[in-house]
Amino acid sequence: MAGRFVISEDGQGGFRFALVANNGQTLAVGEGYPSKAACVNGIETVRRNAPEAVIDDRTRRGLGDQSLL
């Protein structure tokens, strides 16, 4: 079973989504959206772009640092 996107109200009249793994761990949280429709659109944007996304490591050490593995 795949993870799921959970939509919630943010307490300021807006909506947020979280990508939650099967074990309940929150993997990512979206920005605040003014409407539920905009939030769902944000989820669809993540779905379209994530399978092809590369890691853009802007840390000082970068991904080649074996001490991070």
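Here are some friendly notes on the predicted model above.

1. **Overall make-up.** The protein chain holds 1 helix and 3 strands. Reading from the N terminus, the elements come in the order β-β-β-α.

2. **The sheet.** The 3 strands make an open sheet, ordered β1-β2-β3, with antiparallel pairing. β1 and β3 are the edge strands, and each of them pairs on one side only. From one strand to the next, the twist averages 30 degrees.

3. **A look at β1 and β2.** These two strands run antiparallel and are joined by 6 bridges.

4. **Where the helix sits.** Which strands does α1 lie across? The answer is β1 and β2, and α1 runs at about 30 degrees to β2.

5. **Aromatic pairs.** The count of aromatic pairs comes to 2. One of them is Phe5 with Phe17, an edge-to-face pair with 5.7 Å centre to centre and 70 degrees between the planes. Phe5 lies in strand β1 (residues 4–9) and Phe17 lies in strand β2 (residues 15–20), so this pair ties together parts that are 12 residues apart in sequence. Phe17 also pairs with Tyr33, and here the rings are stacked, at 6.1 Å centre to centre and 25 degrees between the planes. Since Phe17 is in strand β2 while Tyr33 is in the loop between β3 (26–29) and α1 (36–49), the pair ties together parts that are 16 residues apart in sequence.

6. **The cluster and its cover.** Phe5, Phe17 and Tyr33 form one aromatic cluster. Are its members buried or exposed? Phe17 counts as buried, at 5% relative accessibility. Tyr33 is at 15% relative accessibility and counts as buried too. Phe5 has a relative accessible area of 24%, so this residue is partly exposed; the cut-off for buried is under 20%.

7. **Burial and surface in the whole chain.** How many of the 69 residues count as buried? The share is 19% of the protein chain. The chain exposes about 5,500 Å², and carbon and sulfur atoms supply 52% of that area.

8. **Contacts along the sequence.** Taking the contacts in the protein chain with a separation of 6 or more, 15% are between residues 24 or more positions apart.

Key: Residues are numbered from 1 along each chain as its sequence is written. This is a predicted model: local features need pLDDT of at least 70, side-chain atom pairs count only at pLDDT 80 or more; totals for chains, interfaces and linings use all residues. Side-chain values use heavy atoms; hydrogens and water are left out. Helices (H or I, at least four residues) and strands (E, at least two) are DSSP runs, numbered from the N terminus. Buried means under 20% relative accessible area, exposed over 50%, partly exposed in between (1.4 Å probe, protein chains only). Contact means heavy atoms within 4.5 Å. Accessible areas come from the Shrake-Rupley method with a 1.4 Å probe; for residues, only the protein chains shown count as cover. Rings of Phe, Tyr and Trp (its six-membered ring) pair if their centres lie within 6.5 Å; planes under 30 degrees apart count as stacked, over 60 as edge-to-face and the rest as tilted. Two strands pair if DSSP finds at least two bridges between them. Axes are lines fitted to C-alpha atoms, for helices over the stretch in contact, and angles run from 0 to 180 degrees between N-to-C directions.
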